[in-house]
Amino acid sequence: MIQKIVTGPIDLVVKLGEKIKEEADRQLYDINHIQQQLMNLQMMHEMEEISERDYEEKEQELLERYEVAKRREQEQWEEMKNSK
């Protein structure tokens with residue numbers, strides 16, 4: 001009982017941290033979100049709202065995130081396929 005009183009708040013903080021990380025990863029590596037950001041970036045570039053250099057830097061960052069997202073999606077698919 002005393003152990004739960006002592007470790008309970010720590011466990012709660014750990015679980016909260018895990019949930020925050022999951023949500024951050026989901027937003028950071030959500031393929032649809034990345035695609036939307038790429039389209040918005042393209043529109044901003046075409047409307048000359050951002051410089052060529054800023055466009056290229058942001059595009060590269062988004063494309064790298066996209067590659068990671070696709071890799072993660074493929075790994076999840078493989079795990080799911082292998083667990084059957």
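Me: Why does Asn-82 count as exposed?

Reply: Asn-82 has 59% relative accessibility. Exposed means over 50%. The value passes that cut-off, so Asn-82 counts as exposed. This is a predicted model, and the values here are computed from it. Asn-82 sits in helix α3.

Me: How far is Asn-82 from Leu-12, C-alpha to C-alpha?

Reply: The two C-alpha atoms are 32 Å apart. Along the chain, Asn-82 and Leu-12 are separated by 70 residues.

Me: What is the overall fold pattern of the protein chain?

Reply: Read along the sequence, the pattern is α-α-α. The protein chain has three helices and zero strands.

Me: How does the radius of gyration of the protein chain stand against that of a compact globule of 84 residues?

Reply: A compact globule of 84 residues would come out near 12 Å, but the protein chain has 20 Å. The C-alpha trace spans about 65 × 35 × 15 Å along its principal axes.

Me: What share of the residues of the protein chain count as buried?

Reply: Of the 84 residues, 11% do. To qualify, a residue must be under 20% relative accessible area.

Me: What share of the contacts with a separation of 6 or more comes from residues 24 or more positions apart?

Reply: In the protein chain, such residues account for 62% of those contacts.

Me: What makes α2 and α3 roughly antiparallel?

Reply: Helix α2, residues 31-46, packs against helix α3, residues 52-82, at an angle of about 165°. Angles over 145 degrees count as roughly antiparallel. The angle passes that cut-off, so α2 and α3 are roughly antiparallel to each other. Their axes are 10 Å apart. The crossing is left-handed.

Me: Which residues make the contact of α2 with α3?

Reply: On the α2 side they include Ile-31, Ile-34, Leu-38, Leu-41 and His-45. On the α3 side they include Tyr-55, Leu-62, Arg-65, Tyr-66 and Glu-73. By class, the contact has nine nonpolar, five polar and six charged residues.

Me: Why does Arg-65 count as buried?

Reply: Arg-65 has 11% relative accessibility. Buried means under 20%. The value falls below the cut-off, so Arg-65 counts as buried. Arg-65 belongs to helix α3. Leaving out residues up to four places away in sequence, Arg-65 touches Gln-27, Leu-28, Tyr-29, His-33, Ile-34 and Gln-37.

Me: Why does Asp-25 count as buried?

Reply: Asp-25 comes in at 18% relative accessibility. That is under 20%, so Asp-25 counts as buried. Asp-25 lies in helix α1, residues 2-28. Setting aside neighbours within four places in sequence, Asp-25 contacts Asp-30 and Arg-72.

Me: Why does Glu-64 count as partly exposed?

Reply: Glu-64 has 45% relative accessibility. Buried requires under 20% and exposed over 50%. Glu-64 falls in between, so it counts as partly exposed. Glu-64 is part of helix α3.

Me: Why does Glu-48 count as exposed?

Reply: Glu-48 reaches 72% relative accessibility. Exposed means over 50%, so Glu-48 counts as exposed. Glu-48 lies in the loop between α2 and α3.

Me: What is the phi of Glu-48?

Reply: Phi of Glu-48 is near 60°. That is a positive value in a residue other than glycine. Most residues other than glycine have a negative phi.

Methods
Residues numbered from 1 in each chain as written. Predicted model: local features only at pLDDT ≥ 70, side-chain atom pairs only at ≥ 80, totals over all residues. Heavy atoms only, no water. Axes fitted to C-alpha atoms, helices over the stretch in contact; angles between N-to-C directions. Helix = DSSP H or I, 4+ residues; strand = E, 2+ residues; numbered from the N terminus. Parallel < 35°, antiparallel > 145°, perpendicular 65-115°, else oblique. Left-handed = near helix turned anticlockwise from the far one by under 90°. Contact = heavy atoms within 4.5 Å. Nonpolar A, V, L, I, M, F, W, Y, C, P; charged D, E, K, R; others polar. Buried < 20%, exposed > 50% of the residue type's maximum accessible area, 1.4 Å probe, protein only. Rg over C-alpha atoms; globule rule 2.2 N^0.38 Å.
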